Amino acid sequence: MELRTTGSVFVVFLCSVAVVLGQDWRVTYTFQRVCALRGSSVDLSCSYTYPRGLTVTTTEWYKWKSDQGYTYNIQDQPEYAGRVQYRGDKDRDCTLTITDLRESDSASYYFRFKTYYSEWMHVSKGISLSVTALQVTVTGLYRYKTLTCSSTCTLTGSSYIWYQNNQHLQGETRNQYSKNVYSDDVNSYSCAVAGHEDLRSPAVCVSGQNCWSVNYPTRRVCVLRGSSVDISSTYTHPSDHKITKTFWFKGELFSDLKDYHEYTGHENSESKVKHNTLRVTGLRETDSAEYKFRMETRGGGYSGSPGVQLTFTDIKVEIEQRSVTEGDKVSLTCKTKCSVSLNTSWFRNGKLVTNRKTQQKLLYLDPVSSEDAGRYSCAVTEHQHLRSPEETLNVTYKPRNVSVSVSPSGEVVEGSSVTLTCSSDANPPVQTYTWYKENITSSTSSGQSYTITNISSEDSGQYWCRTQNDVGDHTSHGVLINVLYAPRKPSVSVSPSGEVVEGSSVTLTCSSDANPPVQTYTWYKENITSSKSSGQNYTITNISSEDSGQNYTITKISSEDSVGYYCQAKNQQGRTNSSSVVLNVHYAPRKPSVSVSPSGEVVEGSSVTLTCSSDANPPVQTYTWYKENIILSKSSGQSYTISNIRSEDSGGYYCQAGNTVGDANSSVVMNTLVTGISTAQAAAAGTTVSVLLSVILLSACLLCRKKKTLKPYSASRQPASNKQGESGPVYDNISAFALNPVPAVQTHTHTDTHTDTHTDTHTGQQDDVIYTTVDFTRSKTQDVPLYSTIQSVQPQNQEEDVQYAAVQFNRPNPAPRVTGQTTEDPSGLYSTVTRART
């Protein structure tokens, strides 16, 4: 057995015990049994080991009592509030200190711990703590008495001190003291253990209650600044001594405290054991002292010593962790320098806490929420006005309530600036703001505000921010930025795509990106200021489009539509024009014209070139030449040349122009060719020419008057049919008419006249051609009469031109017609032959 005394700590080590939990797991208690005095302090000392590489997460002391069972985590129990301190660590030491011991602290105490990879590690044996108080018992008969200083647990080996009337009896160190006692002995006796004289036993009389004694139910009283306290005492005195005065005093001066206004009291003297109480109000620091009760008689006095130690204390809040994370747990302790055994009230930010678990001096926050953050104070319930100074509990939590605001609010117009601001509640405050845009994984910016200058449609979309602090992060809901903008440059598509053939239908479609969407589409034709849909200055008929719209349809398209079209898209933000789209309208060749080179007289044996011209898209690809419906050889080119011309080359010539769309025939080109005639014949021919000229002039006049009433003629022109029994028509020279819009004239020798009207199916225009038929009487013996223009021969030695009229010959088997060609009678083109005068 070992006795160890350290200051106010008095313990007896009976033995030590080591409990093996398993390989590398061990708890060692320094002692197994401890006997300690009431009011003293004790260390429950132990150590522990565990495998390397592990980390201890939690340590705990708990106790067991036969009448209460197990009580876990005694540090959190209200009866230990302010009296328990864990002096160990989470490594090897597990010492626990309990102060101001009470008899109720007697129990078996155990230590346990756990790691990340284990449950609680505990042992079946612990430390048995017994708390005892000293008392003096008196035994013996008659005059011989034995006084014993006893306790509920064994304090064998301790040195004892004896007191008589509060005076130290020298030489007595055992726990028993024997003496002779007489009937008139009025002395009182008490004892203490050396080193703990303040923990003295109550005084007893050896001859009944007829002695001087003063006892205090409580030797130590803890008081709060500004509070009040009652100090009590019991006392006896010899019956033959008359008490003249009883009072309380402090220090060494026998000055009655009741003479001061803050001290009051009362006394109960109904029994032999009397009671006296002192009340101290408005406690201050100067009130901390030892208070004693004194009785006075005429012959002297008696003081109860030692007295009651009044300890002044402040009250304060002690927080296990001043900064905790939301979701964890924490306890707050209302602490004093000495033990105050009154109920405790808790306040947060000046308001009473009612929604949390409290046990006397403890406030439990499990789990902690952000609403628990604030300033905490405590007070003894009976003195709530005497609150402790406030202590701040900081509850950290990750960002929450994250939101994004847009400035300016309302519509966002392209080209303006927009600022997004991220707001969040967090503790500690948000340290990092990160901005994101939909469909973009990387962050777009950092900072609480994100500004987009000169905003464009590409900036439209959902935006959100992520906030982060040391505790965690949180992301806001998305906010939509809808950028309004005028229509982008429209695009125009043509349907059907590919070649646009005259007479077909074409749909132009206008498309444009805009926000809000395009409200109106308006179509325009180049060089026309008004909209295309209005119809002004627009020659295309049967247009199916409206004044505006996304689609624009042209039906029965013609070559005049080969111009630029563009559309205008409009919304409330503005309007934009498209680029022009040119419709390249393909059409068959227009009616060709034929020119003769050289113009004028053609001398027999010379060369003549006929040139065919026609408007077409795509340009004419093939030219084919015909003489009286017979395809000529070497006729693939635009020009046709007759070399070494002879009289048999006389006749009607025309050309056919063709491309991928179709073909068209020219008018028949005619001229005269004479190899030789007499003077009479020339005169007759002159007469005939005069008649013909008159007919032509008459026909021209009729044409001018009737042109407005003529009907269109077909693109595949059919020549006027010969009447039955009539000879072939005789054509005048109309080569000049074939080169311009003046209609060709066909004349016959008989007097009836008719007009043929043809319509070009490709152009839709009317081409008025008037043929004048002239019939000549033929002799039975002359198959091909030749009518010539006869001019008088002048007696000059120079050449003169002789003009011959075109003569129609009857042919028994006309050449077959060619499909797609003009159907006019292919009369020959006759040259004018000039002879040298003899």
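**Exercise 1.** Characterise the disulfide that joins Cys-149 to Cys-191.

*Solution.* 
Step 1. Check the distance. The S to S separation is 1.9 Å, and a disulfide is a pair of cysteine sulfur atoms within 2.5 Å.
Step 2. Find the handedness. The torsion about the S-S bond of Cys-149 and Cys-191 is about 75°, so this disulfide is right-handed.
Step 3. Cys-149 sits in strand E15 (residues 144–150) and Cys-191 in strand E19 (residues 188–193), so the pair ties together parts 42 residues apart in sequence. Strands (E, at least two residues) are DSSP runs, numbered from the N terminus.
Step 4. Check burial (buried: under 20% relative accessible area, 1.4 Å probe, protein chains only). Cys-149 is buried at 2%; Cys-191 is buried at 0%.

The model is predicted: local features need pLDDT of at least 70, side-chain atom pairs count only at pLDDT 80 or more, and totals for chains, interfaces and linings use all residues. Residues are numbered from 1 along each chain as its sequence is written, and side-chain values use heavy atoms, with hydrogens and water left out.

**Exercise 2.** Determine the handedness of the disulfide between Cys-205 and Cys-211.

*Solution.* 
Step 1. The sulfur atoms of Cys-205 and Cys-211 are 1.2 Å apart.
Step 2. The torsion about their S-S bond is about -55°, so the link is left-handed.
Step 3. Both Cys-205 and Cys-211 are buried.

**Exercise 3.** Describe how strand E23 joins E26.

*Solution.* 
Step 1. E23 (residues 229–236) and E26 run antiparallel, joined by 7 bridges; pairing requires at least two DSSP bridges.
Step 2. Ser-233 has Asn-276 in E26 as its bridge partner.
Step 3. In E26 (residues 274–280), 5 of the 7 residues are buried.

Note on methods
Buried < 20%, exposed > 50% of the residue type's maximum accessible area, 1.4 Å probe, protein only. Helix = DSSP H or I, 4+ residues; strand = E, 2+ residues; numbered from the N terminus.
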